[in-house]
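Here are some notes for your first look at this model. Please keep the structure open as you read.

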Amino acid sequence: MSHTRMPALFLGHGSPMNVLEENRYTRIWRQLGAALPKPKAILAISAHWYTRGVAVTVMENPRTIHDFGGFPQALFDTRYPAPGSPALAREIAERLAPVNVHLDTAWGLDHGSWGVLIKMYPEADIPVVQLSIDGTRPAVWHFQMGQQLAALRDRGVMLVASGNVVHNLRMARWEESAEPLPWASAFERYVRDHLEWQGEAGAHPLVNFMGHDGAALANPTPEHYLPLLYILGSRQANEPVTVPVEGIEMSTLSMLSVQVG
């Protein structure tokens, strides 16, 4: 049975408060869930599961992880009871060989994954497996992981990665009227300008993002940027790349989202 090739998404997830709020970003996430072909399963890749080595969730019923502090009780009370898919988790582990993938029964879904999926698929009726990001590996390795995972898209699995391509909370400004800082806008523009680049993985301008003048300010640590590389890596030749929504919040947080396919 043939399936439509599923799109692959990178969603700028921003504050956990997006779970409770409705705004222009969450409206786009909802619209994507309604408009895109419904996946058989979702492989989530979140900035918030940043590990030594690679792990994939293998439990039947992944727990909802509230990995944040200082937010309203309503946020901690929210659950996203999507089922897991042990069979898909094991297939992913095999597909990524010879990388040693740990079959994890402790993690679950963190707010980087369930915080966007709760808007896209509020019924929580699609199985979700989450893949960790190995923080010991270079950027090109993450892009190549996306290449290895690409074939899942032809089998009804949607890749949904989440982070923020500009993520500097130390320099964030919390007032409503805060304008984007120039380096934040410049780095976001650099990402946007190179989304459609195709060629050797090691030469990709977005793999070599630390070469940009603003990169160290835009990403003091890389975990919120790296999920994008899995999505770009999963792109097939000449597939369209679009930006469903963008914007810089709190001066230093890019909400840029990217759709492949």
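The points below cover a few residues worth checking in this predicted model.

1. Start with Glu-223. Find it in the loop between helix H7 (215–218) and helix H8 (226–233). Glu-223 is buried, yet it has no salt bridge. Which side chain of opposite charge is nearest to Glu-223? That is Arg-170, 10 Å away.

2. Glu-223 does have polar partners. Its side chain makes a polar contact of 2.7 Å with the side chain of Thr-221. A second polar contact, of 3.3 Å, links the side chains of Glu-223 and His-224.

3. Now set aside the neighbours of Glu-223 within four places in sequence. Glu-223 is then in contact with Ala-47, Tyr-50 and Ile-133.

4. Next, look at the backbone. The peptide bond from Ala-97 to Pro-98 is cis, and its omega is near 10°. Pro-98 sits in the loop between helix H3 (86–95) and strand E4 (101–104).

5. Asn-238 is not a glycine, but its phi is positive, near 60°. This residue lies in the loop between H8 and strand E7 (241–242). Is Asn-238 buried or exposed? Its relative accessibility is 66%, so Asn-238 counts as exposed.

6. Ser-251 also has a positive phi without being glycine, here near 75°. Look for Ser-251 in the loop between strand E8 (248–249) and strand E9 (253–254). Its relative accessibility is 0%, so Ser-251 counts as buried.

Definitions and conventions:
Residues are numbered from 1 along each chain as its sequence is written. This is a predicted model: local features need pLDDT of at least 70, side-chain atom pairs count only at pLDDT 80 or more; totals for chains, interfaces and linings use all residues. Side-chain values use heavy atoms; hydrogens and water are left out. Helices (H or I, at least four residues) and strands (E, at least two) are DSSP runs, numbered from the N terminus. Buried means under 20% relative accessible area, exposed over 50%, partly exposed in between (1.4 Å probe, protein chains only). Lys and Arg count as positive and Asp and Glu as negative; His and the chain ends are not counted. A salt bridge is a side-chain nitrogen of Lys or Arg within 4 Å of a carboxyl oxygen of Asp or Glu. A polar contact is a pair of N or O atoms within 3.5 Å; within protein, one must be able to donate a hydrogen and the other to accept it, and residues adjacent in sequence count only if both atoms are side-chain atoms. Contact means heavy atoms within 4.5 Å.
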